[in-house]
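Please read it with the sequence and coordinates open.

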Amino acid sequence: MASASDIDTAEGGTVEDVFDTTGRPPTGWMHAIFHGGPYGEDVGRCVPGPPAPDMLTVPSAAGDTHLYRLRTVGSWSDPDDPIAVYDPDGPVVPPLLLTDQEQEWLREGQRRRGLGPIRLVALVHGRMARDPDASTIESMLAGLRNREHLLLQRLTDPDEGDSYIHVLLDEDDTYEVEHQAGTAAGRDRTRSASRAAVRDAVLRWAADRPSRRTALEGPESADGT
């Protein structure tokens, strides 16, 4: 775990004193948003990265420390200016799906690089993979630690609705898998202790093969019933 007191770079500075409101953070830093806690009202605060630290321990007004956990990494207006989003330590927060505008920023970034359209993105603790292959997805899943999510999202036409699957490795080493396929589809939520079964389900979903339920038995509705 990286703490605020030991995070610095060749350019100097710690999380406490690196701010930027121009859209161009110092080399080795990136913008961050903090939901609540001692940094909750800050604008322009930066953290080392990319990649963003998974956790940050920072001083609180009471003189003790406060733990933040990375929720996701996105962007407001420029795919080359990633923004880390942190939550206070507490209940695990599901990852945020990329918005339609964020998806368009990614597509624009691809066009600038002379690359084709993106079909799928995978996000895990600050890392984004564009159109990941099976080995990349397996590696991201295998690298999950307790309380961490892997999110795969299809970049579809906005009229089709969000299509995603995300996996949480819970503190009891079981996996919770939630899946939604478009606006008209309900969410399926399933729990499994088998990494192999979860891996198979995720890879089949990524390949757009309709056998997730046979790989993970006992789906339950999103409200837990």
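1. Basis. This is a predicted model, in which local features need pLDDT of at least 70 and side-chain atom pairs count only at pLDDT 80 or more, while totals for chains, interfaces and linings use all residues. Residues are numbered from 1 along each chain as its sequence is written, and side-chain values use heavy atoms, with hydrogens and water left out. Helices (H or I, at least four residues) and strands (E, at least two) are DSSP runs, numbered from the N terminus.

2. Helix α1. Residues 100-112 make up α1, which has 13 residues and spans 18 Å from its first C-alpha to its last, close to the 18 Å expected at 1.5 Å a residue. The expected span is 1.5 Å times one less than the number of residues. Its buried residues are Glu102, Gln103, Trp105, Leu106, Gly109 and Gln110. Down the axis of α1 these buried residues fall within an arc of 155 degrees, so they line one face of the helix. The arc is taken over the directions from the helix axis to the C-beta atoms. Buried means under 20% relative accessible area, exposed over 50%, and partly exposed in between (1.4 Å probe, protein chains only).

3. Surroundings of α1. The buried residues of α1 pack against β5 (65-74), β7 (120-124), β8 (127-130) and β9 (148-154), where contact means heavy atoms within 4.5 Å. Turned away from that buried side, the other face carries the exposed residues Gln101 and Arg112. Gly114 follows α1 and has a positive phi, near 75 degrees.

4. Salt bridges across the chain. Over the whole structure, 13 salt bridges are found; the criterion is a side-chain nitrogen of Lys or Arg within 4 Å of a carboxyl oxygen of Asp or Glu. One of them pairs Arg145 with Asp54, with the closest N and O atoms 2.1 Å apart. This pair links distant parts of the chain, 91 residues apart: Arg145 is in the loop between α2 (134-142) and β9, and Asp54 is in the loop between β3 (46-48) and β4 (55-59). Arg145 is partly exposed, at 43% relative accessible area.

5. Glu104 is partly exposed at 35% relative accessible area, and Arg107 is partly exposed at 21%.

6. Are the partners Arg189 and Glu178 buried or exposed? Arg189 forms a salt bridge with Glu178, the closest N and O atoms being 2.7 Å apart. Arg189 is in strand β12 (residues 188-192) and Glu178 in strand β11 (residues 175-181), 11 residues apart. Both Arg189 and Glu178 are buried. Elsewhere, salt bridges that share partners join Glu104, Arg107, Glu108, Arg111 and Arg112 into one network.

7. Helix α3. Residues 195-206 form α3, with 12 residues and a reach of 16 Å from first C-alpha to last, close to the 16 Å expected at 1.5 Å a residue. Ala197, Val198, Ala201, Val202, Trp205 and Ala206 are its buried residues. Seen down the axis of α3, they fall within an arc of 165 degrees, so they line one face of the helix. Arg204 is in α3 and is partly exposed, at 24% relative accessible area. Its C-alpha lies 9.5 Å from that of Ala134, which is 70 residues away along the chain. Just after α3, Asp208 takes a positive phi of about 60 degrees.

8. Backbone angles to check. Most residues other than glycine have a negative phi, and most peptide bonds are trans. The bond from Gly49 to Pro50 is cis, with omega near -5 degrees, and a cis peptide bond also joins Pro50 and Pro51, with omega about 0 degrees. Asp131, in the loop between β8 and α2, is not a glycine but has a positive phi of about 45 degrees. Asp173, in the loop between β10 (163-169) and β11, is not a glycine either and has a positive phi of about 65 degrees.

9. Second largest pocket. Its volume is about 300 Å³. Of the 17 residues that line this pocket, the closest to its centre are Val73, Pro79, Pro82, Met128 and Arg130. The elements giving two or more residues to the lining are β5, α1 and β8. On a 1 Å grid over the protein atoms alone, using a 1.4 Å probe, a pocket is an open set of points with protein on both sides within 12 Å along at least five of seven lines, and lining residues have an atom within 4 Å of a point. Grid points are joined across faces, edges and corners, and the volume is the space filled by probe spheres set on the points.
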